[in-house]
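Please keep the viewer open while you read.

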Amino acid sequence: MTDIVRVRFAPSPTGYLHLGGARTALFNWLFARQHRGVFILRIEDTDIQRSSAEMVHGILDGMHWLGLDPDEGPFFQSSFVEQHRAAARRLVEEGKAYYDFTPKDRTDDRVVKDKIAVRARVQAESRSERHPDRNLALTEALARVEAGEPAAIRLRVPERGVSRFDDLVYGPQVRDYSDIEDLVLIRSDGHPLYNLSVVVDDIEMRISHVIRGQDHLTNTHKQLLIYEALGAPVPRFAHLPLIMAPGREKLSKRTHGEVVSVTTYRDRGFVPDALVNFLALLGWSPGSDQEIMSREELIEKFSLEGVNKASAIFNFNEKDPRDWTDPKALWMNAEYLRAMPLDELVPLVAAQLKKFNLWREAYESSEAQLLARTVDLLRARYRTTQDFATMGRPYFSDEFDYDPDSVKKNLKDERLKDLLPGLADRLASIDEFKHDATESALRAYSEEQGVKAGLLINAARTALTGQSVGPGLFDIVVTLGRERTVERLRRAAAAIA
């Protein structure tokens, strides 16, 4: 095994990049970066029926957005099939594997529904009884293969002994050879199976550490047998706990849909660093209470020893689309929005405004400073950049909906049909349309009219934004500008009347 840390992320392109896959890629990337090693991407695309170029693009796109670009790759497993077959044939020649001519429907235990009966048969019979071709002379087997008779290639698993390895997360793992069937390496149609392909590829790529999901834990014992048969150094293994949905079922694309796709987070306005930070803490602890961590801090503090054995829970409300993701992920993204430099945030918001048809060409020239001020004003209240284009629509468009509860609460007073036009006139006439001047004008007007300033402040906020909550009114007024403020106050008064 190489002295240089070489790790790989090896997704199957049967769906877009899943949060669980992204976390596995991230942990490999962090481990490689911490040890000044190499992070490799290998696309395991040998399942032709389920793999597609679109899904490959989705994986690459998601990884690039997260900033997890590989040092080597992407490599495609389908391009190494001949090497897989050659490795299997070599094992046959060395007597470590054999040709099995038994029809598939008689050897494939997956088609047998009674698992208890299968296990009883395996325990009662010797390997030679279960697989008569195990003792077939190689010359006879080769003659039958050359004659065109279909044959699988199986690995000879020892009758006695145990497979053992020390997992870097779960500790010592032991499995008796009697529990492992003679592995099919190559199907009778010539298709190499997963356990052979992944071992051959990891050997060729000089992988030093295999960091992958806990669902592969049982495969590792089978793969150790193949490493031994090929006479190759065995990498260190670290299996990561699964990510579970709130009901403690496995988080999956099929069951939970777009909520588990990385591109959903990109499209709905997450910052890549925020999602990376969240995923890093989903099943790993830095040994402190610190939660907001830069990539540099994650690289410095990451360790496989800090990975939890228990499954991580991804909390979201499956019945309420408003709670479409884990609240902690949204909280963390909001923290990043507040902290990131404004010149980095504005282009992200601009992309959402364009997506929702709220973009004005003036934002690129005469109104560039206005756009930046507006984004800065709103960022403390929003959790995603998409919120700027949805909840923040009144700041970028004159066409927006009024929240019924806010109207009922703040615009129900009949006096407002006269007070709001008067306020509009007063604001239209002040010399400097700035925070302090607009506030002074409103308070003076409320005193003249014998009403509390709060009545006008709350009514004006709803008239200007359609909402009862938001930034300070006078910040809103200055951001919208004199013309839009006056027009909206009069429009609201007309609606009341």
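How many bridges join S4 to strand S5 (residues 152–155)? Four bridges do so, and the two strands run antiparallel. Before going further, please note that this is a predicted model, where local features need pLDDT of at least 70 and side-chain atom pairs count only at pLDDT 80 or more, while totals for chains, interfaces and linings use all residues. Residues are numbered from 1 along each chain as its sequence is written, and side-chain values use heavy atoms, with hydrogens and water left out.

## The antiparallel sheet

S4 and S5 belong to an open sheet of three strands in the order S4-S5-S8, with antiparallel pairing. Two strands count as paired if DSSP finds at least two bridges between them. Strand S4 (97–100) and strand S8 (184–186) each have a single partner strand and stand at the edges, so one side of each lacks a neighbour in the sheet. On average, neighbouring strands here are turned by 40° against each other, direction ignored. Residue by residue, Asp100 stands opposite Ala152 in S5.

## The parallel sheet and its helix

Another open sheet has three strands in the order S1-S2-S3, and its pairing is parallel. Its edge strands are strand S1 (6–9) and S3, each pairing on one side only. Neighbouring strands of this sheet are turned by 25° against each other on average, again with direction ignored. Strand S2 (residues 38–43) is joined to S3 by three bridges, and the two run parallel. Ile43 stands opposite Phe76 in S3.

Helix H2 (residues 53–66) lies across S1, S2 and S3, and runs at about 160° to S2. Axes here are lines fitted to C-alpha atoms, for helices over the stretch in contact, and angles run from 0 to 180 degrees between N-to-C directions. Contact means heavy atoms within 4.5 Å.

## Two helix pairs

Two packed helices are described by the angle between their axes and the distance between the axes. Helix H3 (residues 81–93) packs with helix H8 (residues 194–204) at an angle of about 100°, their axes being 9 Å apart. H3 is therefore roughly perpendicular to H8 (angles under 35 degrees count as roughly parallel, over 145 as roughly antiparallel, 65 to 115 as roughly perpendicular and the rest as oblique). H3 brings Gln83, His84, Ala87 and Ala88 to the contact, and H8 brings Leu196, Ser197, Val200, Asp201 and Glu204. By class, that contact has four nonpolar, three polar and two charged residues (Ala, Val, Leu, Ile, Met, Phe, Trp, Tyr, Cys and Pro count as nonpolar, Asp, Glu, Lys and Arg as charged, and the others, Gly among them, as polar).

Helix H12 (residues 272–280) packs with helix H14 (residues 327–339) at about 140°, with the axes 9 Å apart. This pair is therefore oblique. In the contact are Asp273, Ala274, Asn277 and Phe278 of H12, together with Lys328, Ala329, Met332, Asn333 and Tyr336 of H14. Five of these contact residues are nonpolar, two polar and two charged.

## Backbone spots to check

The peptide bond from Gly73 to Pro74 is cis, with omega near 15°. Pro74 lies in strand S3 (residues 72–76).

Arg206 has a phi near 55°, which is a positive value in a residue other than glycine. Arg206 sits in the loop between H8 and strand S9 (209–213).

## The whole chain

In total, the chain has 23 helices and twelve strands (DSSP runs numbered from the N terminus, with helices being H or I of at least four residues and strands E of at least two). The C-alpha trace spans about 110 × 45 × 40 Å along its principal axes. The chain has a radius of gyration of 32 Å, but a compact globule of 497 residues would have one near 23 Å (taken over C-alpha atoms, with a globule rule of 2.2 Å times the number of residues to the power 0.38).
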